[in-house]
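Here is a walk through one protein model. Keep the structure open and follow the residues as they come up.

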Amino acid sequence: MQETYKTVAYGGRQSRPMNNEPLRFDTKIAVLLRDDLESWQRLNVTAFLVSGLGTELPEVIGEPYEDADGTPYLRMFRQPVMIFEGSKETLTAAHSRALTRALPRSVFTSDLFTTGNDRDNRAAVRAVPTGELDLVGLAVYGPRNGVDKVVKGARMHP
């Protein structure tokens with residue numbers, strides 16, 4: 001099933017702060033990691049997962065950075081990325097809820113630890129039916145309340 005995400009669907013308005021209050025977004029970026037991953041795996045999976053969001057959803061990317069000397073830096077997400085962890089069952093349930101809500105998402109399966117390139121990564125995911133994916137990570141973006149419902153049962157990553 002091929003889906004196209006419309007950037008207008010989750011425009012992600014931010015509310016203007018009063019005084020020095022933090023900016024609040026009506027959207028959320030969340031990454032859910034399986035709680036049995038090694039530290040290096042958690043970092044690697046997170047990096048891969050969030051890279052998919054920025055390529056398909058340009059509204060999540062802010063303006064370019066520049067330091068006081070005028071040295072330019074790449075654009076980054078315009079809002080925080082919340083990192084959660086949970087059991088294999090929690091991840092499977094979250095994946096199902098993300099699909100049901102048709103929220104933009106990226107997945108990382110355990111098979112991807114054994115591949116070494118994008119072509120083989122995509123082939124490894126394509127070879128497994130949706131309900132049988134051995135998920136170790138999921139990134140999701142959308143309205144705050146929808147994303148909160150997707151990651152229900154997970155806990156904030158320590």
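At 57% relative accessibility, Arg119 counts as exposed. The model is predicted. Arg119 meets the side chain of Asp120 in a salt bridge, 3.6 Å from N to O. Asp120 is partly exposed, with a relative accessible area of 30%.

Other salt bridges share partners. Arg34, Asp36, Lys88 and Asp134 are joined into one network this way. Within it, the side chains of Arg34 and Asp134 meet at 2.7 Å, N to O. Arg34 lies in strand β3, and Asp134 lies in the loop between α3 and β8, so this pair ties together parts that are 100 residues apart in sequence. Arg34 is buried at a relative accessible area of 10%. Asp134 is partly exposed, at 24%.

Strand β3 holds another charged residue to look at. Lys28 forms a salt bridge with Asp148, and their closest N and O atoms are 2.4 Å apart. Asp148 sits in helix α4 (residues 144–150) and Lys28 in β3, so the link spans 120 residues of sequence. Lys28 is buried, with a relative accessible area of 11%. Asp148 is partly exposed, with 34%. How many salt bridges does a search of the whole structure find? The count is 10.

Now turn to the sheet. It is open, has 5 strands, and runs in the order β7-β8-β3-β6-β9 with mixed pairing. Between β6 and strand β9 (residues 155–156) the sense is antiparallel, with 2 bridges. Glu85 stands opposite Arg155 in β9. Phe84 stands opposite Met156, also in β9.

The largest nonpolar core has 16 residues. Val31, Leu33, Val45, Leu49, Leu53, Phe108 and Tyr141 have the most contacts inside it. Two or more residues come from each of β3, α1 and β8 (135–143). Helix α1 gives the largest share, 4 residues.

Phe108 leads on to the aromatic rings. Phe108 counts as buried, at 3% relative accessibility. Ring pairs link Phe108 with Trp40, Phe48 and Phe113 into a cluster. The count comes to 3 aromatic pairs. One of them is Trp40 with Phe113, an edge-to-face pair at 5.8 Å centre to centre and 65° between the planes. Is Trp40 buried or exposed? Trp40 counts as exposed, at 52% relative accessibility. Phe113 is partly exposed, with a relative accessible area of 25%. Phe113 also pairs with Phe108: their ring centres are 5.2 Å apart and their planes stand at 50°, so this pair is tilted.

Tyr65, Tyr73 and Met76 make a nonpolar surface patch of about 330 Å². Tyr73 has its place in strand β5 (residues 72–73). Tyr73 is partly exposed, with a relative accessible area of 43%.

Note on methods. Residues numbered from 1 in each chain as written. Predicted model: local features only at pLDDT ≥ 70, side-chain atom pairs only at ≥ 80, totals over all residues. Heavy atoms only, no water. Phe/Tyr/Trp six-rings, centres within 6.5 Å; stacked < 30°, edge-to-face > 60°. Buried < 20%, exposed > 50% of the residue type's maximum accessible area, 1.4 Å probe, protein only. Patch = residues over 30% accessible without salt bridge, like charges linked within 9 Å, V, L, I, M, F, W, Y side chains within 5 Å. Areas by Shrake-Rupley, 256 points an atom, 1.4 Å probe, with all protein chains shown as cover. Salt bridge = Lys/Arg side-chain N within 4 Å of Asp/Glu carboxyl O. Pairing = 2+ DSSP bridges. Core = buried A, V, L, I, M, F, W, Y, C linked by side-chain atoms within 4.5 Å.
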